[in-house]
Amino acid sequence: MFGWSPSRGNALSTLVVSALAVFMAALDNLVVITALPAIQKSLDTDLQELEWTVNAYTLAFAVFLMGGSAAGDRFGRRRMFLIGLTVFTAASAGCALAGSPGELIAARAVQGFGAAIVMPLTLTLLTEAVSERRRGIALGVWGALSGLAVALGPLVGGAVVEKISWEWIFWVNVPIGVAVLLLGLWQLAESKQPGARLDLPGTVLVSLGMLGVVFALVSTTDDGWTSGKVLGSLIAGIVLLVAFVLWELRAPAPMLPMRLFANRAFSAVNVTSMLMFAAMFGLVFLLTQFMQNIQGFSPLEAGVRMLAWTAMPVLVAPLASFLTAWIGNRLVVALGLLAEAVALGWLASVTEVHTAYADQVPGLVLGGIGLGLFFAPTAEMAMNVVEPREQGIASGANNTFRELGGVLGVAVLTSIFTSHGGYLTPQQFVDGLVPAAWAGAGFAALGVLAMLTAPRRTKEPRPAGAAPAPGTREHDTSEAPELQRSRS
């Protein structure tokens, strides 16, 4: 299946395919949120079914990310990318055609499974096709669209629901998915990790372990952190993840070599990705509700007002590559996290029942700038601190940590929100939103500290056990060459 491919991929076409695919996959994380009232009325759903309409996608996405990346290394990244894209597109049509809550939830889970295959492989395919000299610009475009899609979810969902119907938030994926599939068949080149083997025990352990942890996190809103279901699922998930780590330490062909985490840059990139997504997802989830339920804006009006945040990554991310040439990826990522922390702190400090939109704008703009500075440099660091043959693993791990961060952020910030406030009155909503926003600012601030633990100078990635080549010098994978030379 999908056996023919050109001998060499076209860099521009690969960028177009990767950017469109990652935009669709990332968009569907939040696009459904503003459509929930319409879905509830159309399919006569209860609150738990509405919650799983969102969570089914997130669960499948987080659980199968590592497996999707590993399958790409083993069976071919182009082949698995096209299979994942086909599954995602077909499941999008299934969501639109759903006639009951159960059908919609099942289709959303399959959609998340397809996205889990597509998302990490977009980055690997792009890195393979683009020369190192132009990689920063390409990753800037990729990062801009990835961040923009996440933030545009409420806007797109609100606009489509208000002007057409909720089914079209899923139908819109179909023609785009088909076009990207045809372009991928024509232009993408095949690549795989030579001699790669699928680590089936590791895949099963990490998938079930993350399923337990994520299921616990998304269940806290209804059942609380101390319920038997949440604690049982969390403990089971942690036990399975510990078993996964122990297996990977002794597996002949591990899907995620534990030695990668001995690299402080690799560990820092993944921790900061989790913290940034926790801050961002958690606040977007609550802030869009604040604008609609408390300030009285329609879904489309709320989405338009969020453009002060969502437009910034488009403007900033392509320029981030030039900034990294000056001060390096490490400091640019830390600056982005710091901007996000200050932005969320600003929003927490100005939020009141009758807060004027003009008072929110500085925080929204600064938050968008933070996202624009974060996405592309983080993606570049994740790929540059590992050996080329392990870039698929690095991409899958980084996306998994991001997605788990999003689930964690929504669960923790919503839990803080419900413990301090609620939906009964506007003031009660604000009483819950303010401490939740401060918690999000805390997540981003911790991300700054985590990124600053990354070393400024790291060794050239080389095959495990291989001796350094004669004359090999240590180089800086997170700072700019110009700064390195100035220190020499």
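Predicted model: local features only at pLDDT ≥ 70, side-chain atom pairs only at ≥ 80, totals over all residues.
Residues are numbered from 1 along each chain as its sequence is written, and side-chain values use heavy atoms, with hydrogens and water left out.

**The big picture**

- The protein's secondary structure comes to 19 helices and 0 strands. Helices (H or I, at least four residues) and strands (E, at least two) are DSSP runs, numbered from the N terminus.
- Of the 488 residues in the protein, 58% are buried. Buried means under 20% relative accessible area, exposed means over 50%, and partly exposed is in between (1.4 Å probe, protein chains only).
- Take the contacts between residues at least 6 apart in sequence: 82% of them join residues at least 24 apart. A contact here means heavy atoms within 4.5 Å.

**Helices α15 and α18**

- Two packed helices are described by the angle between their axes and the distance between the axes.
- For helix α15 (residues 329–350) and helix α18 (residues 426–452), the axes come within 8 Å and cross at roughly 165 degrees. Axes are lines fitted to C-alpha atoms, for helices over the stretch in contact, with angles running from 0 to 180 degrees between N-to-C directions.
- That makes α15 and α18 roughly antiparallel to each other. The cut-offs: under 35 degrees is roughly parallel, over 145 roughly antiparallel, 65 to 115 roughly perpendicular, and the rest oblique.
- Sorted by class, the contact of α15 with α18 has 17 nonpolar, 4 polar and 2 charged residues. Ala, Val, Leu, Ile, Met, Phe, Trp, Tyr, Cys and Pro count as nonpolar, Asp, Glu, Lys and Arg as charged, and the others, Gly among them, as polar.

**Helix α1 and its partners**

- The axes of helix α1 (residues 11–27) and helix α4 (residues 77–97) come within 12 Å and cross at roughly 40 degrees, so the two are oblique to each other.
- α1 passes α4 in a left-handed crossing. V17, A21, M24 and A25 of α1 meet F81, L85 and F88 of α4, which gives 7 nonpolar, no polar and no charged residues.
- With α8, the axis of α1 comes within 10 Å and crosses at roughly 150 degrees, so α1 and α8 are roughly antiparallel.
- This crossing of α1 and α8 is left-handed too. S13, V16, V17, L20 and M24 of α1 touch N173, I176, G177, V180, L183, G184 and Q187 of α8; by class that's 7 nonpolar, 5 polar and no charged residues.

**Zooming in on N173**

- N173 lies in helix α8 (residues 173–187) and is buried, at 2% relative accessible area.
- Leaving aside its neighbours within four places in sequence, N173 is in contact with M24, D28, F88, T89, S92 and Q111.

**Aromatic pairs**

- The count comes to 9 aromatic pairs. Rings of Phe, Tyr and Trp (its six-membered ring) pair if their centres lie within 6.5 Å; planes under 30 degrees apart count as stacked, over 60 as edge-to-face and the rest as tilted.
- F64 and F113 form an edge-to-face pair, 5.1 Å centre to centre with 90 degrees between the planes. F64 lies in helix α3 (residues 47–75) and F113 in helix α5 (residues 101–129), so the pair ties together parts that are 49 residues apart in sequence.
- F64 is partly exposed at 33% relative accessible area, and F113 is partly exposed at 32%.
- W166 and F170 have ring centres 6.3 Å apart and planes at 85 degrees, so this pair is edge-to-face. W166 is buried at 4%, and F170 is buried at 0%.
- F261, F266 and F401 form one aromatic cluster.

Methods:
Left-handed = near helix turned anticlockwise from the far one by under 90°.
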